[in-house]
2 protein chains.
Amino acid sequence: MKKTVEEEHSACTNILRPVRDSLDVLSGKWKLPIIIALTFGEKRFTEITQEVHGITDRMLSKELRDLELNGLVKRNVQDTYPVKVTYALTAHSKTLRPVIDSLKNWGILHKKKLHEECREHKAKRKISGN
Amino acid sequence: MKKTVEEEHSACTNILRPVRDSLDVLSGKWKLPIIIALTFGEKRFTEITQEVHGITDRMLSKELRDLELNGLVKRNVQDTYPVKVTYALTAHSKTLRPVIDSLKNWGILHKKKLHEECREHKAKRKISGN
DNA sequence: GATAGTACTATACTATAGTATAGTTACTTT
DNA sequence: AAAGTAACTATACTATAGTATAGTACTATC
């Protein structure tokens with residue numbers, strides 16, 4: 001049974017719509033890395049900057065605010081002598097596990113593929129004598 | 001057995017590194033939508049613009065070039081009377097299936113959560129009489 | 001009392017992503 | 001011959017993402 005153009009089109013948008021919804025919330029260089037850093041337990045501001053290599057204070061501050069607004073991160077202020085601020089994942093952000101896992105696995109696969117291509121390229125040069 | 005700080009740190013970077021590798025290749029508003037459009041079979045330039053809502057010719061042209069360079073899309077030119085150009089997924093980009101599925105599922109989950117919050121909000125207003 | 005850590009914010013900037021609009025070449029259909 | 005489609009490219013622009021550097025208010029430590 002062949003699908004009609006219309007059926008194919010609606011099957012496509014059925015995937016496209018929710019993927020876009022995800023990308024709207026998770027896009028950018030830092031949001032997923034921050035969430036990954038917090039999967040190992042709540043962390044303080046400076047601890048996150050150390051874990052998420054290359055992020056600036058400004059970006060971390062901004063992204064944490066964004067993530068909090070979207071219910072993906074919880075900000076806890078402990079009113080000890082000097083205030084201690086920690087950030088933790090929420091129940092909702094823990095549902096991102098499969099997304100993170102699949103991206104991790106694909107990243108490993110992709111890198112492996114690049115290495116293979118590199119080896120093939122070298123082998124070809126050997127044969128042709130360049 | 002409690003993990004040391006060092007163990008936790010290396011466990012974290014073991015996830016962070018490959019996720020970053022993935023994001024480097026897939027980041028942006030259009031790359032995944034284009035790939036999704038092509039999962040239903042090869043398509044011509046204008047067919048993709050129709051499927052991927054809101055993309056401009058310029059962006060599609062640029063992103064297709066990027067994707068081709070990274071080995072995620074194959075450009076086929078059929079030298080019929082008027083040349084017909086089609087774009088298709090490669091074996092490599094088909095391995096993105098789990099990434100797309102997890103993003104799709106999470107997008108659905110996230111939207112559902114937003115709706116629930118909306119309902120809760122309305123219920124609260126009812127109780128407090130505002 | 002000087003230095004340093006924590007958790008930021010402010011200012012100013014650059015770079016990249018993305019948009020809007022028009023133009024091109026070559027062929028097809030009316 | 002005129003209008004239209006396919007597959008783009010060119011130009012010019014805006015908007016957002018991200019960077020660099022410095023500063024602040026508060027403690028804490030040497």
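Two residues are in contact if their C-beta atoms, placed from the backbone, lie within 7 Å. Keep that in mind for Ile35(B). This residue touches Leu72(B), Leu89(B), Ser93(B) and Leu96(B), leaving aside residues up to four places away in sequence.

Some ground rules. The model is predicted: local features need pLDDT of at least 70, side-chain atom pairs count only at pLDDT 80 or more, and totals for chains, interfaces and linings use all residues. Residues are numbered from 1 along each chain as its sequence is written, while chains are lettered from A and ligands numbered from 1 in the order in which they are written.

Now the core. Ile35(B) is among the residues with the most contacts inside the largest nonpolar core, along with Ile34(B), Ile34(A) and Ile35(A). That core has 48 residues. By core I mean buried Ala, Val, Leu, Ile, Met, Phe, Trp, Tyr and Cys residues joined through C-beta atoms within 7 Å. Buried means 20 or more other C-beta atoms within 10 Å of the residue's own, with C-beta atoms placed from the backbone.

Next, the two chains. Chain B brings 35 residues to the contact, and chain A brings 35 residues. On the chain B side, α1 (5-26), α2 (31-38) and α6 (97-128) each give two or more residues. Helices are DSSP runs of H or I, at least four residues; strands are runs of E, at least two; both are numbered from the N terminus. The chain B side divides into 21 nonpolar, seven polar and seven charged residues. Here Ala, Val, Leu, Ile, Met, Phe, Trp, Tyr, Cys and Pro are nonpolar, Asp, Glu, Lys and Arg are charged, and the others, Gly among them, are polar.

On to the sheet in chain A. Three strands form an open antiparallel sheet, in the order β1-β3-β2. Strands pair if DSSP finds at least two bridges between them. β1 (43-44) and β2 (73-78) of chain A are at the edges with a single partner strand each, so one side of each has no neighbour in the sheet. Six bridges join β2(A) and β3(A). Within that pair, Val77(A) stands opposite Val85(A).

Note on methods: A residue is buried if 20 or more other C-beta atoms lie within 10 Å of its own, exposed if 12 or fewer, and partly exposed in between; C-beta atoms are placed from the backbone.
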